[in-house]
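I opened this model to look up its strands, its salt bridges and its nonpolar residues. My notes follow the order in which I checked them.

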Amino acid sequence: KYKSTSKLSVFTMPADLLNPTAERWKPTSAHKLKRLVQDPDSFFMDIKCPGCFQITTVFSHAQTVVLCGSCNVMLCQPTGGRARLTDGCSYRKKVD
């Protein structure tokens, strides 16, 4: 007298994570936690002093003023987020 009424429920994902579309894959414009692959926005960088050409390693979101070790020139100043480089300073991202 028991009827077997087992239905197979299929759950579909709201987005296809294996084959992302171009609009879904936005590595720099999306929030760091809402990207397909989560990664931080901060990095370490080498800053070259415009006066003495000495290279100093600085965090991209530095919260204090960074001065050159040899000539005391201000290399970057803090803002609310990323540190602002002084005019004439050049930088490159550090590679692991």
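I am working with a predicted model, in which local features need pLDDT of at least 70, side-chain atom pairs count only at pLDDT 80 or more, and totals for chains, interfaces and linings use all residues. Residues are numbered from 1 along each chain as its sequence is written, and side-chain values use heavy atoms, with hydrogens and water left out.

**Strands around S1.** I took strands as DSSP runs (E, at least two residues), numbered from the N terminus. I called two strands paired if DSSP finds at least two bridges between them. I started with S1, residues 44-48. S1 runs antiparallel to strand S2 (residues 55-59), and 5 bridges join them. The hairpin of S1 and S2 has 6 residues between the strands. In that hairpin, Phe 53 takes a positive phi near 60°. Gly 51 also sits in the loop between S1 and S2.

I then checked S1 against S6. The two run antiparallel and are joined by 4 bridges. Met 45 stands opposite Lys 93 in S6.

**The S3-S4-S5 sheet.** Which order do the strands of the open sheet take? I read S3-S4-S5, 3 strands with antiparallel pairing. The edges are strand S3 (66-67) and strand S5 (84-85), each of which pairs on one side only. S3 is joined to strand S4 (residues 74-77) by 2 bridges. Val 66 faces Cys 76 in S4. The hairpin of S3 and S4 has 6 residues between the strands, and Asn 72 takes a positive phi near 55° in it.

S4 and S5 are joined by 2 bridges and run antiparallel. They form a hairpin with 6 residues between them. Gln 77 has Arg 84 in S5 as its bridge partner.

**Core.** I searched for nonpolar cores, meaning sets of buried Ala, Val, Leu, Ile, Met, Phe, Trp, Tyr and Cys residues joined through side-chain atoms within 4.5 Å. The largest one has 12 residues, among them Phe 43, Met 45, Ile 47, Val 58, Val 66, Leu 75 and Cys 76. S1 and S4 each supply at least two residues of this core.

Leaving out residues up to four places away in sequence, Phe 43 touches Val 58, Phe 59, Ser 60, Arg 82, Tyr 91 and Lys 93.

**Salt bridges.** How many does the whole structure hold? The search finds 2. In one, Arg 92 pairs with Asp 46, with the closest N and O atoms 3.6 Å apart. This pair links distant parts of the chain, since Arg 92 is in strand S6 (residues 90-93) and Asp 46 is in strand S1, 46 residues apart.

Lys 94 also pairs with Asp 46, at 3.5 Å between the closest N and O atoms. Lys 94 lies in the segment after S6 and Asp 46 in S1, so this pair ties together parts that are 48 residues apart in sequence. Shared partners join Asp 46, Arg 92 and Lys 94 into one network.

Are these residues buried or exposed? I counted under 20% relative accessible area as buried, over 50% as exposed and anything in between as partly exposed (1.4 Å probe, protein chains only). Asp 46 is buried at 10%. Arg 92 is exposed at 53%. Lys 94 is partly exposed at 41%.

**Surface.** I looked for nonpolar patches, built from Val, Leu, Ile, Met, Phe, Trp and Tyr residues with over 30% relative accessible area and no salt bridge, their side chains joined within 5 Å. Areas are from the Shrake-Rupley method with a 1.4 Å probe, and for residues only the protein chains shown count as cover. Phe 11, Met 13 and Leu 17 form one such patch, with about 370 Å² of accessible area together. Phe 11 lies in the segment before S1 and is exposed at 69%.

Last, I went back to Gly 51, which is exposed at 54% relative accessibility. Its C-alpha atom is separated by 8.9 Å from that of Gly 88, 37 residues apart along the chain.

Methods. Salt bridge = Lys/Arg side-chain N within 4 Å of Asp/Glu carboxyl O. Patch = residues over 30% accessible without salt bridge, like charges linked within 9 Å, V, L, I, M, F, W, Y side chains within 5 Å. Contact = heavy atoms within 4.5 Å.
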